[in-house]
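Here are my notes for when you sit down with the model.

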Protein chains: 2
Amino acid sequence: MSTEMSMGGTVADGPRGTDPADGLLAALRAAVGPAHLLVDAGARAAYETDWTGRFAGTALAVVRPAGTDEVVAVLRACAAHATPVVPRGGGTGLVGGAVPLGGEVVLSLERLDHVGPVDVAGGSVVVGAGATLAAVDRSAADHGLAVGVDLASRDSATIGGMVATDAGGVRVIAHGPMRRQVLGLEAVLADGSVLRRIPGLAKDGTGYALPELLAGSEGTLAVVTAVHLRLVPRPVATTVLLLGCADVADALGRVAAARRAGTVLAAELVRDRGVRMVHQHAGVPLPLPEPLPPLLLLLELDGDPDRAGRADALAALVGDRPAAIAADVADARRLWAVRERHTEAVQRLGTPTKLDVTVPPAAMAEVLAEVDRIAPDAVVFGHIGDASLHVNLLDAPPGLDEQVLRLVAAHGGSIAAEHGIGVAKAHLVHLTRDDADVAAMRAVKRALDPTGLLNPGKVLPPDPPGS
Amino acid sequence: MSTEMSMGGTVADGPRGTDPADGLLAALRAAVGPAHLLVDAGARAAYETDWTGRFAGTALAVVRPAGTDEVVAVLRACAAHATPVVPRGGGTGLVGGAVPLGGEVVLSLERLDHVGPVDVAGGSVVVGAGATLAAVDRSAADHGLAVGVDLASRDSATIGGMVATDAGGVRVIAHGPMRRQVLGLEAVLADGSVLRRIPGLAKDGTGYALPELLAGSEGTLAVVTAVHLRLVPRPVATTVLLLGCADVADALGRVAAARRAGTVLAAELVRDRGVRMVHQHAGVPLPLPEPLPPLLLLLELDGDPDRAGRADALAALVGDRPAAIAADVADARRLWAVRERHTEAVQRLGTPTKLDVTVPPAAMAEVLAEVDRIAPDAVVFGHIGDASLHVNLLDAPPGLDEQVLRLVAAHGGSIAAEHGIGVAKAHLVHLTRDDADVAAMRAVKRALDPTGLLNPGKVLPPDPPGS
């Protein structure tokens, strides 16, 4: 693509007398103020990688605008100097989507952290892109409401980043992914114009659903600056149980039975070896006696264990399976720790290659068996309620990650459930998207960002030769 | 836009020896077979207008392809002959979105009416774009499931048309509009390539959300050929009541109270004068004695009236308001008739101008009062649960419709809640979409349909002079 911009901007670290980047840096300084233009390597470092540590690059500079107008000024300056921009939220991504590849300007939205007043009657709130999930959820909690998506990285993950990646987490089975929480948004397009679709009417069929398109586009089509978020009722009390299952079919059957019986807030899968790993490396007590069942299903149901009829419903759900049912809130936390501390325990064993896939339920047993065959040390856990699994490869030989993703794709699955494509999987998009689909995506990218200003190298596969 | 195609195709009705359209007609005949190429005015007529009767145009021809491959062949032939295409579902639109403006080829999807096997465990079904809502819902009903959207035009409205317009209806409060029912779709793009996103995994963040973008694009970006539809549990029994309310605030308060108390399947608003109109012109008995309250709220709740605790909940909901609570299914139908037969009764009074708007709840009382002032004969009813109203103008002087839409826009509402923009409101999109937004929509249109093949003159405002 002849119009694509160069990523060969010079990194400006030392004296910059005749550096061609000087003009851009001066413009950025004027846009955001000197305190919020970071050019020293030390100051930049925290913005040049993500939580995996697998992806890192060098930025020309980091800018921290204070509001939408400053974001516009930053994009205009970068466009004028043909220097691409990497939008960045809380840096909790796992696929390198917010990491510079070399020479870009990293645009951190962290200072757009405004949390508006909660509209209690309408069940919504307008927030800046840089507001963290935890901050917004705290505001919502004051009114008995909650953000519909919850993530372990809630203290750092920002609403803008979550919208840009269409984040998932443990509540998708109840409330859908991040896209479903978006009533409206404001975003700055590559040409510096501002798309204002904040009002968030219950129904509005006036033209194209651009907010739906921008959600999940990982900063490649626009920079999300504010979001009108739907809020959901905050559960007053829940019932948490861990259920030993014989196999995948059994676990899926239990999820279906739980859904028929009431509101399922979470349905998570862990495996015996993962539970032992969490026990050994994160000190979490075994929730069931050895020998552990091969699969363990964590269910969280709306409503407390003492509510009318629940004991019978739980007995029917459990049958003769080994089970631990939380008697109180502390118990519930202990059971959740078995699932939530997988991430920490895996990290203690090394830097894992984290694959994030969706597998059609009918193929899940076979995919798991195949993964065990080709990657016997893989730690697999995830959101069985929406058929998405996290496959963590430890000390993986080169190419094993791609082998697993090809396996998933061959079974009709998705190579990106909820973490996005980023830089990690851009070259693999063709595994589940055919040429017509990729061509349509490229056309949309060129339409909204004709010069390739926004987050180049992410999401879309590299341009084919000769294009 | 210099690349836009001409709509000046000659209508080929009589002998066509040297007609330049002959080549196209021959190609279309080869694509769909002679029985499914309609060129005679009589045969075309049913495809040249919509349910309002307000919009009509002359088509060069109507084609009825049998499947996706034939849709591709039709689009390629039309592109080769620079003749635009109007995709058409059941013809139940109300804004002229599926009506030719003059000289286009109307592409009817009616023969793509396949209804696949219902995936009972997953709660979904794959259907052709031409399958009617009623046909799909019948299939779903065999398994205790339902389509999440319901419309009065269910026997004619097609799933493809409903996705293309992001149709609404009475169940939006419970299940969201049509876009929310789409798990996956197949669509033919203007270049004849086929976007295949049918699988519909629970989560799939691989690239851009093109299905979400195509939903609601009214056939201007692609021709939807198949849809993977989410199905919802079919209510076993419901409670229907009609509640007299003093004013809008009272009615909104009752909707909120009903939502807190359980699952609201519908929350519809009618007014005293509308109820009298339905009584007089459609023979529906008055549901409450005169004097009727100014507003009547129809609520449908999941679960039968005899369920435990419901009597108390209903008593609390009703308070001292006049109310009719359906004792049985026949009763429920009578109460629904008060709302559903508004459309028929209005038609008997003339050809109404039907406006379809969303009004922020906080502005609804004021907007209603203003509408009464400028259009005292207007019949207003609608889906108060999602703040959308249908304003029917009778014998409206020229410009009154636009005056009402400007009023709605000025109060932060939407000029198109669920019927789409079509040709009726394309020139008014700027009332709620600013220049940056319209420019972004135009860019997306050009990206996916650079020659303007698909449904020209619909959705987007006319190109500005000099472009």
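1. In this predicted model, the 41 positive and 53 negative charges of chain A have mean positions 1 Å apart. Lys and Arg count as positive and Asp and Glu as negative, with His and the chain ends left out. Each charge is placed at NZ of Lys, CZ of Arg, CG of Asp or CD of Glu.

2. Two sentences on ground rules. Residues are numbered from 1 along each chain as its sequence is written, and chains are lettered from A and ligands numbered from 1 in the order in which they are written. Because the model is predicted, local features need pLDDT of at least 70, side-chain atom pairs count only at pLDDT 80 or more, and totals for chains, interfaces and linings use all residues, while side-chain values use heavy atoms, without hydrogens and water.

3. Chain A holds 15 helices and 16 strands; these are DSSP runs numbered from the N terminus, helices being H or I with at least four residues and strands E with at least two. The chain is as compact as a globular protein of its length, because its radius of gyration is 23 Å, close to the 23 Å that the globule rule gives for 467 residues. That radius is taken over C-alpha atoms, and the rule is 2.2 Å times the number of residues to the power 0.38. The C-alpha trace spans about 75 × 55 × 45 Å along its principal axes.

4. How much of chain A is buried? Of its 467 residues, 59% are, where buried means under 20% relative accessible area, exposed over 50%, and partly exposed in between (1.4 Å probe, protein chains only). Among contacts between residues at least 6 apart in sequence, 72% join residues at least 24 apart; a contact means heavy atoms within 4.5 Å.

5. The largest nonpolar core has 179 residues, and A:Ile159 and B:Ile159 have the most contacts inside it. Such a core is a set of buried Ala, Val, Leu, Ile, Met, Phe, Trp, Tyr and Cys residues joined through side-chain atoms within 4.5 Å. Helix H15 (residues 435-448) of chain A gives this core its largest share, seven residues. Beyond four places in sequence, A:Ile159 touches residues including A:Val127, A:Leu133, A:Met178 and A:Leu229.

6. A:Pro291 sits in the loop between helix H9 (272-282) and strand S12 (295-302) of chain A.

7. Most residues other than glycine have a negative phi, and most peptide bonds are trans. Phi is near 45 degrees, a positive value, at A:Asp395 and also at A:Asn455. A:Asp395 is in the loop between strand S16 (388-393) and helix H14 (400-410) and counts as exposed because its relative accessibility is 72%. A:Asn455, in the segment after H15, is buried, with a relative accessible area of 1%.

8. Finally, A:Val338 in helix H11 (residues 329-340) is buried at 2% relative accessibility. Its contacts beyond four places in sequence include A:Val270, A:Val278 and A:Pro287. A:Val338 and A:Met441 are 103 residues apart in sequence and 40 Å apart in space, C-alpha to C-alpha.
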